[in-house]
Amino acid sequence: MIAIAKQEDAMSSDTLELARRGFGAWQQGDFETIQAMLDPAVQWRWFEPGDWDCHSRDDVMRTLRERHAQGFGRSELEFVEAGGDAVIVVAHPRAVAGDDWPEEAAMIISFRYGKVVDMQDYETREKALAAISAS
């Protein structure tokens, strides 16, 4: 039982480091590094389904490039462990892009074999944490 807990802690730590490295690369405009971290079939969904959702690595990369060009790479990010293969990333888009953007946004990023396979947006940290607790 203790060995399993240690293995899960190590996975959480590794996953957290992967997320930090990926977002750090994105913030610096290093799109090659972030693209290599994405599974070809990665999904990125907004908190309400719609045209903004991304259904492939190409879709995700196009959106990441757009968001970087809009200045969102300057945002301060907080990384929260969410289990062995998931991380919550909390951002404050209003601080970068103005009053038309929400004060807070959160995303649950799920990894499999070191690759990002799923990205789900939430309106707040609390909603992301509730989603993790419910799963």
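**Notes on a predicted sheet-and-helix model**

1. Start with helix α3 (residues 57-69), which lies across β1 and β5 (115-122) and runs at about 60° to β1. Contact here means heavy atoms within 4.5 Å. The axes are lines fitted to C-alpha atoms (for helices, over the stretch in contact), with angles from 0 to 180 degrees between N-to-C directions. Helices (H or I, at least four residues) and strands (E, at least two) are DSSP runs, numbered from the N terminus.

2. A word on what you're looking at: this is a predicted model, where local features need pLDDT of at least 70 and side-chain atom pairs count only at pLDDT 80 or more, while totals for chains, interfaces and linings use all residues. Residues are numbered from 1 along each chain as its sequence is written, and side-chain values use heavy atoms, with hydrogens and water left out.

3. Now the whole chain. You'll find five helices and five strands, and reading along the sequence gives α-α-β-α-β-β-α-β-β-α. The radius of gyration (over C-alpha atoms) is 15 Å, close to the 14 Å from the globule rule (2.2 Å times the number of residues to the power 0.38) for 135 residues, so the chain is as compact as a globular protein of that length. Its C-alpha trace spans about 50 × 30 × 25 Å along the principal axes.

4. Next, the sheet: it is open, with five strands in the order β1-β5-β4-β3-β2 and mixed pairing. Strands count as paired if DSSP finds at least two bridges between them. β1 (38-45) and β2 (78-81) sit at the edges with a single partner strand each, so one side of each has no neighbour in the sheet. From one strand to the next, the twist averages 20°. β2 pairs with β3 (residues 86-91) in the antiparallel sense over four bridges, and Glu-78 stands opposite Val-90 in β3.

5. Finally, the largest pocket has a volume of about 590 Å³. It is lined by 25 residues, and Trp-44, Arg-67, Pro-93, Ala-105 and Asp-121 lie nearest its centre. On a 1 Å grid over the protein atoms alone, a cavity is a set of points where a 1.4 Å probe fits but cannot get out; a pocket is an open set with protein on both sides within 12 Å along at least five of seven lines; lining residues have an atom within 4 Å of a point. Grid points join across faces, edges and corners, and volume is the space filled by probe spheres set on them.
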